[in-house]
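Here is a set of questions and answers for a reader who is new to this structure. Each answer sets a value beside the term it belongs to.

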Amino acid sequence: PITGVAGTVISVTGSNFALNTAGVVGFDSNGNGAIDAGEPQVAVTTTAAGAIPGGIFLTVPAVAPGAYQVLADIPVGGSVEAVASFTVSAPSVTLSPNSGVPGRVITITGSGFAPNTAGVVGFDSNGDGVINPGEPQVSVTATAAGAVPAGIILTVPAVAPGTYGVRADIPVGVPVEAVASFTVSSPSVALSPTSAVAGAAITIT
């Protein structure tokens with residue numbers, strides 16, 4: 001793919017290079033326009049048609065979210081011959097619904113996490129920015145695409161009206177990777193009509 005998270009495996013293809021020529025393709029982690037020692041890279045030799053052969057893969061390293069370049073230096077040395085862009089996604093979570101009263105069940109989805117990685121999502125009842133023992137939480141393992149798997153739910157605890165964070169800590173540890181807001185609604189009543197004479201009927205919701 002052209003977007004993903006750290007740990008995503010990228011398949012690299014290419015054409016119109018010098019024929020039967022050795023070179024290298026690499027992930028430019030530091031953004032300096034070159035393939036440096038320590039950056040993900042793989043040696044390649046182009047085909048007789050000048051194509052990058054099949055089966056060339058790079059694994060996205062542990063870098064901050066943002067846009068990065070995959071470079072093809074064939075032959076090695078001088079100017080890099082070709083560049084393609086890869087976007088490292090930022091982790092995020094989405095709630096459905098994002099407001100309600102205590103007892104409401106929230107469905108949680110998300111993406112941009114480290115693939116196949118264990119963690120936890122939880123309702124931050126005390127607002128301290130972490131998922132504490134006793135707060136509603138569920139263990140999750142991100143999918144191979146770095147998504148929160150389907151079927152993850154939390155029940156809103158008995159808390160005062162206000163806005164709370166639902167946090168995704170994948171992998172577990174500081175800092176929490178993503179947060180979404182849930183608003184616990186205040187009870188309210190409405191009258192129709194709001195004024196009338198004695199004996200009038202009022203509809204209450």
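This is a predicted model: local features need pLDDT of at least 70, side-chain atom pairs count only at pLDDT 80 or more; totals for chains, interfaces and linings use all residues.

Q: What part of the chain is made up of buried residues?
A: Of the 205 residues in the chain, 35% are buried. A residue is called buried when its relative accessible area is under 20%.

Q: Why is Pro187 called exposed?
A: The term exposed applies over 50% relative accessible area. Pro187 has 77%, so Pro187 is exposed.

Q: Where in the chain is Pro187 placed?
A: Pro187 sits in the loop between strand S15 (178–184) and strand S16 (191–192). Its C-alpha is 8.5 Å from that of Pro161, while 26 residues separate Pro187 and Pro161 in sequence.

Q: How many helices and strands make up the secondary structure?
A: The chain has zero helices and 17 strands.

Q: Among contacts between residues at least 6 apart in sequence, what share joins residues at least 24 apart?
A: The share is 58%. A pair counts as a contact when heavy atoms lie within 4.5 Å.

Q: What makes up the lining of the largest pocket?
A: The largest pocket is lined by 19 residues, and Val12, Thr13, Val70, Val83 and Ala84 lie nearest its centre. Two or more lining residues come from each of strand S2 (9–11), strand S6 (66–73) and strand S7 (82–88). The largest share, five residues, is given by S7. The volume of the largest pocket is about 280 Å³.

Q: How do the residues of that lining of the largest pocket divide by class?
A: There are 14 nonpolar residues, five polar and no charged. Val and Ala count as nonpolar, so Val12, Val70, Val83 and Ala84 belong to the nonpolar class.

Q: Which residues lie nearest the centre of the second largest pocket?
A: They are Ala6, Val63, Pro91, Gly112 and Ala114, from a lining of 14 residues. By class, this lining has eleven nonpolar, two polar and one charged residues.

Methods. Residues are numbered from 1 along each chain as its sequence is written. Side-chain values use heavy atoms; hydrogens and water are left out. On a 1 Å grid over the protein atoms alone, a cavity is a set of points where a 1.4 Å probe fits but cannot get out, and a pocket is an open set with protein on both sides within 12 Å along at least five of seven lines; lining residues have an atom within 4 Å of a point. Grid points are joined across faces, edges and corners, and a volume is the space filled by probe spheres set on the points. Helices (H or I, at least four residues) and strands (E, at least two) are DSSP runs, numbered from the N terminus. Buried means under 20% relative accessible area, exposed over 50%, partly exposed in between (1.4 Å probe, protein chains only).
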